[in-house]
Amino acid sequence: MPRNNARRSYAMADEQTLTHPRYTTPAIIAHWLIAILIIANLVIGLTADLLPDEDVRFAIDTHKSIGVSVLGLVLLRILWRVGHKPPPFSAGMAAWERALAHVAHYGLYVLMLWMPVTGWLHDSAWKDAPTHPMRWFGLFEWPRIGFIMRLPAEQKEHLHNLFDTLHTLGGYTLIALLCLHVAGAFKHQFIDREPEFRRMWLR
């Protein structure tokens, strides 16, 4: 009898997967890993100035290392996405919801690239960059953008401030889009009663 119940459970799971298709396993793993890293980096970026002076440098170095990691993971995620179509939206979604979901998704991809790239540019324009090498989680040195480091001091200072502004604006925009993304997922799951979470959850 237990064996029959197990078979019935597997059959129901297979039927639900066909009815409500999921993302591929690598896409799901990348999604949650990137999400965790981004949230951690946003928290560090927003709270680093509140830390004791002796802890700020470690927090900023960790922030940079996470940013580089996110950049690599997002590029891999995009390459995977090219060859693996995402599951279709639920048939019950309105046209405006589909359009908003596309805007949010593409916006998140843009910002997930924007944030580490502007952070990298900002760090490369730092006046003390030549004497303070950046190390990925303390394991090995991560290269900065050479032509920016070689610019005259005044130009570097201008770019350092510019990229800081762009990075900060991108961070707040990313927070807004993340909130929109999460709100949409919760709406479809709990208000529309659609198995939205199943699309991005490992079995």
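The model is predicted.

Start with the helices. Two packed helices are described by the angle between their axes and the distance between the axes. Take helix α4, residues 95-124, and helix α6, residues 153-191. Their axes come within 8 Å of each other. The crossing angle is roughly 150°. Angles over 145 degrees count as roughly antiparallel, and α4 and α6 are therefore roughly antiparallel to each other. The crossing of α4 past α6 is left-handed. What kinds of residues make up the contact of α4 with α6? There are 13 nonpolar residues, 13 polar ones and four charged ones.

Now turn to charge. Side chains of opposite charge can pair when their charged atoms come close. A salt bridge here needs a side-chain nitrogen of Lys or Arg within 4 Å of a carboxyl oxygen of Asp or Glu. By this rule the model holds seven salt bridges.

Look at Lys187 and Glu97. Lys187 sits in helix α6 and Glu97 in helix α4. The pair links distant parts of the chain, 90 residues apart. Are these two residues buried or exposed? Lys187 has a relative accessible area of 27%, so this residue is partly exposed. Glu97 has 8% relative accessibility and therefore counts as buried.

Helix α4 takes part in another pairing, through Asp123. Where does Lys64 lie? Lys64 belongs to helix α3, residues 53-83, whereas Asp123 lies in α4, so the pair ties together parts that are 59 residues apart in sequence. Asp123 and Lys64 are both buried. The pairing also extends to a third residue. Lys64, Asp123 and Arg144 are linked in a network of salt bridges.

One more pair remains to be visited. Asp128, at 25% relative accessibility, counts as partly exposed.

Now return to the helix pair with the bridges in mind. The roughly antiparallel helices α4 and α6 are also linked by Lys187 and Glu97. From α4, Asp123 is tied to Lys64 in α3.

How values were computed
Residues are numbered from 1 along each chain as its sequence is written. This is a predicted model: local features need pLDDT of at least 70, side-chain atom pairs count only at pLDDT 80 or more; totals for chains, interfaces and linings use all residues. Side-chain values use heavy atoms; hydrogens and water are left out. Axes are lines fitted to C-alpha atoms, for helices over the stretch in contact, and angles run from 0 to 180 degrees between N-to-C directions. Helices (H or I, at least four residues) and strands (E, at least two) are DSSP runs, numbered from the N terminus. Angles under 35 degrees count as roughly parallel, over 145 as roughly antiparallel, 65 to 115 as roughly perpendicular and the rest as oblique. A crossing is left-handed if the near helix is turned anticlockwise from the far one by less than a right angle, and right-handed if clockwise. Ala, Val, Leu, Ile, Met, Phe, Trp, Tyr, Cys and Pro count as nonpolar, Asp, Glu, Lys and Arg as charged, and the others, Gly among them, as polar. Buried means under 20% relative accessible area, exposed over 50%, partly exposed in between (1.4 Å probe, protein chains only).
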